[in-house]
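Please look over the sequence and the 3D view below before reading on. The notes that come after are meant to be read slowly, with the structure open beside them.

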Amino acid sequence: MSGRHEKEKGVNVQVLLRCRPSNEEELRNNAPQVVKCNEYQREVAVSQNIAGKQFDRVFTFDKVFGPSAQQKDLYEQAVVPIVNEVLEGFNCTIFAYGQTGTGKTYTMEGECKRAKTGPNGELPAGAGVIPRAVQQIFDTLEGQNAEYSVKVTFLELYNEEITDLLAPEEISKVILEEKLKKQLPLMEDGKGGVLVRGLEEEIVTSASEIFTLLERGSAKRRTAETLLNKQSSRSHSLFTITIHIKEATPEGEELIKCGKLNLVDLAGSENISRSGARDCRAREAGEINKSLLTLGRVITALVEHLGHIPYRDSKLTRLLRDSLGGRTKTCIIATVSPAVHCLEETLSTLDYAHRAKNIKNKPEVNQKMMKSTLIKDLYGEIERLKSEVYAAREKNGVYIPKERYYQEESERKAMAEQIEKMGVLLETQQKQLQELQDKYVAQVQQCSDLSGKLEMTEKNLNETVKLLANSEDELKKCHYVLKEKEFIICEQKKAENALAHEACVLRSDLEKALKDNASLFQKIGREDKLNTDNRVVVNNFQAELAQQIGTLYNLVALSVSQQNEHLQSVEKLCCSFTDIHDKAILEMKKKVTAARALHVSHMEAVQNIVRLHKASSNAALDKISSLASSNAHSIEEFFSSEASKAASMFDDLQHSLATHQGEMTVFAEELRQRFHVSIDQTKDISDYANEILDKLSEESVRVQNHAVQADEVQMKSISSFQNAYEEQSMSDAEKLIADMTNLVYNHVRRQRELVDARLLVFKESAAVNKIFLDGHVSSMEGITTDAKRKWQAFAIQAEKDAKDTADYSVAKHCRTEELLQHCMSAAESAFKHYEITQESVNEMGSKHVSDMVSLIRNATDSNEQHDAEIYRMSEQEQGITRGIVDSIKAHSKSLETFQDDHSSQASSIKQRAEETFQQRYMDYEPSGTTPIRSEQDVPSKGTIELLRAIPMEALVEEFRENNSFESFEPKELKPSLIPRPPLRPIN
Ligand code: ADP
Ligand code: MG
């Protein structure tokens, strides 16, 4: 399937590129490399320096081998498949194309020919395509155990002459003349192919033989070079390997498969220029490059699909006809040098190779021959040769002298060449004929085109004549219209003058209006100044207010601290008072208990004395025993009753003292509570004062904010007013200039309205501000009076509390004195009882009485002492109470001063505020320079309308009445007669 497809469409010539490494000389000269090979992307980049700029030209090929690629790599990647196809029965050709010295021969033949094969039949590393191909062929065929034959030919083409490089030695030894005559002719083989007659076919039986053959060929080439003074760079060499392989069909018939491999080492490509590849004149340069030139032309013809392909123009193309667009598979190896000095040739080679990529071949397998046919052919050949040999030996046949033979031979050769040349000439002439015929057809076509054009032109001319007549009529009309228009323009010009005059009048009005505007601006300036002054006043007031509030705050704080101090001192005094009180009570208790103990002991002593007296009287008064016993009994009773009475009395005394003590503690407790209450109240007062101060500071902050805001608002409104005014005046001025009519009045009125409205707004905002500030001041006043009132209430309360406390302590003091008196009366009654007792006892014994008297005196002393002590104590208490009262008085005095200070501060703030807002805050005062509202004398619309020119139609009618179109003579309008161009460019 694919095979057939391939056959129909054709296979492109495979093009490889090989770049050799820098040689020693290049390395020595440090020549820069301009060729870069990318083997993976199969690209070659050539850097060019054009006008100082670096350009990269990139070419893509089927395979790219860089400087580092070895012979083996190239062979394995590129040639192995080709040789395999040859073994399949295809004909294949490999060309080496490139500048001299880029490695064509190196690639095809290789180096180290003398090294021959290694011990294992390996090839040396430098071996080229030819030895490796032969090696592969032998390896494959040996591996297949096939019957085969391998024949090689090796020829050189120089100056359109073919030399056999494998011919026996003696031929190359003949003289130059002889040698020249040994050139081999090309012959058609009758099957479309070309044969080289008499070419030595060497049968090769092993791979190693190939080196001998190559060496022989090279040696011959060298000899020929020296003989003919030619250079290998100008000659092409063609090495052909032909393989015949025997195959057996399943039917047992034997077939011969035939494959051919052509390996062509072309002459150096520098021998043709790029233009020369297409230029016929290059042929005159001689025959040397003919084959290479023709090869280029054949490639061009194939690529451009021209009808005629000049195969016949050179021997090389004739020999390789099948490889170029034929049934052979073809591969071109283009070789380049990386050095910069070869750049031009490198680019030419790359272009050439790139172009050759487009050649399409249609490869076909060679038909397999039946062995019998081949043998028959060979027999025929043998017969022919035999008869030739026979004729030669027997001299049987035509015999002619040697000179004549050579002459005839050369004549024949010349004729053959002439025939060839004539063939070529015929072809070119046929081509020329074809070209001429093409030209004739083109000319005929052109002629018919021209006659068509002529007809068209005539038609156009007629139309143009008609148009001209029409145009003349039109021209007359136009002249008439022109006159008409001129008349109209004249009329309109008059109207224009009148209008201009009116505009001047309006302009003077406008100037007045502008003056008024300027004075209005001055007024606004004055107002601005006033506003800034007011702002300064407000700011100053604010600062002062803040300062005064600060001092007020300090004052209150001072007063609070003083009150705290005072309360502390009062508390201290109360504490000391209670302490003293407690101590006195304790002492009193102690003394009472001591008095009681003394009393009991005295009573016991009295009892003892009484008992003693009883005993003594018992003895003396036995006689009156009944009386005495009753007496004693009654005394005893009396004493016991007295004792009980005294005990109850002391109990009473003790009880009253205890109640006194309890009352004293309660009193102290109450005092403490009251003081606590008064402290709390004072704290409340100070808190309240703090609150007021906070409120005041808040108020002041608010006032400040408001002042700032009001200021901002005023500034903004002023600026916006200014902007609006500017915009308005600008636009209005423009409109005024444009219209020049009644807008002046409107403008002035509108501006006045605008100014009035804005001023009203300012005034309103100022009034609002004032109201706001007044409100704040009055609220501050309210707060201050409130605070004053509270302070007074607090002071009264404190005074009342202090009075209450004093009253209470006085009452307590009275009570204490009462209690003491009670105690004293109790003691006196006790004393009386004792006196009675003494009197009653005096009868019983004076001794006892004196004892009793002394005893009672003691008690009285102690009582007096006690009394004195209580007195002292009460004095102390009174002192303390007085101290408390004094301190409270001092406190109330300080409160009064504080109140005075506070009220004076508040009044000063009030005074300040009043002063600020009544004296310093200024209202706007009219300066008298503001322009007065005045009625402008504005021309009415009617009068302005009157200035207009008469309407166009009326003018036209008027003109037509005076000048009829029929009588109108279109004069030749001389430039001098034309008053002015009808359409004058404006500005
Ligand atoms: P050409 O046949 O194209 O004129 P040659 O094959 O004679 O060029 O090569 C010129 C020189 O460059 C030789 O000495 C050869 O050894 C060397 N040369 C060419 N190509 C290579 C290569 N790929 N690697 C190494 N040396 C090379
Ligand atoms: Mg060479």
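What follows is a short briefing on the surroundings of a ligand and on a patch of the surface.

This is a predicted model, and the values given here are computed from it. The briefing begins with the residues that surround ligand 1, among them Arg18, Gln99 and Glu111, and then turns to a nonpolar surface patch that includes Tyr379.

**The shell around ligand 1**

- Ligand 1 is surrounded by Arg18, Arg20, Pro21 and Gln99, together with the run Thr100, Gly101, Thr102, Gly103, Lys104, Thr105 and Tyr106, and also by Glu111.

- A backbone N or O atom of Gly103 lies 3.1 Å from an oxygen atom of ligand 1, while a polar backbone atom of Lys104 is 2.8 Å from an oxygen atom of the ligand.
- For Tyr106, a polar backbone atom is 2.7 Å from an oxygen atom of ligand 1.
- Taken alone, ligand 1 exposes 560 Å², and the protein buries 69% of that area.

- Ile375, Leu378, Tyr379 and Ile382 make a nonpolar surface patch of about 390 Å².
- Within this group, Tyr379 has its place in helix H12, which spans residues 371–394.
- Tyr379 counts as exposed because its relative accessible area is 53%, and the cut-off for that word is over 50%.

Technical notes. Residues are numbered from 1 along each chain as its sequence is written. Chains are lettered from A and ligands numbered from 1 in the order in which they are written. This is a predicted model: local features need pLDDT of at least 70, side-chain atom pairs count only at pLDDT 80 or more; totals for chains, interfaces and linings use all residues. Side-chain values use heavy atoms; hydrogens and water are left out. A residue is near a molecule or strand if one of its heavy atoms lies within 4 Å of it. A polar contact is a pair of N or O atoms within 3.5 Å; within protein, one must be able to donate a hydrogen and the other to accept it, and residues adjacent in sequence count only if both atoms are side-chain atoms. Accessible areas come from the Shrake-Rupley method with a 1.4 Å probe; for residues, only the protein chains shown count as cover. Patches are made of residues with over 30% relative accessible area and no salt bridge: like charges are joined within 9 Å, nonpolar side chains (Val, Leu, Ile, Met, Phe, Trp, Tyr) within 5 Å. A salt bridge is a side-chain nitrogen of Lys or Arg within 4 Å of a carboxyl oxygen of Asp or Glu. Helices (H or I, at least four residues) and strands (E, at least two) are DSSP runs, numbered from the N terminus. Buried means under 20% relative accessible area, exposed over 50%, partly exposed in between (1.4 Å probe, protein chains only).
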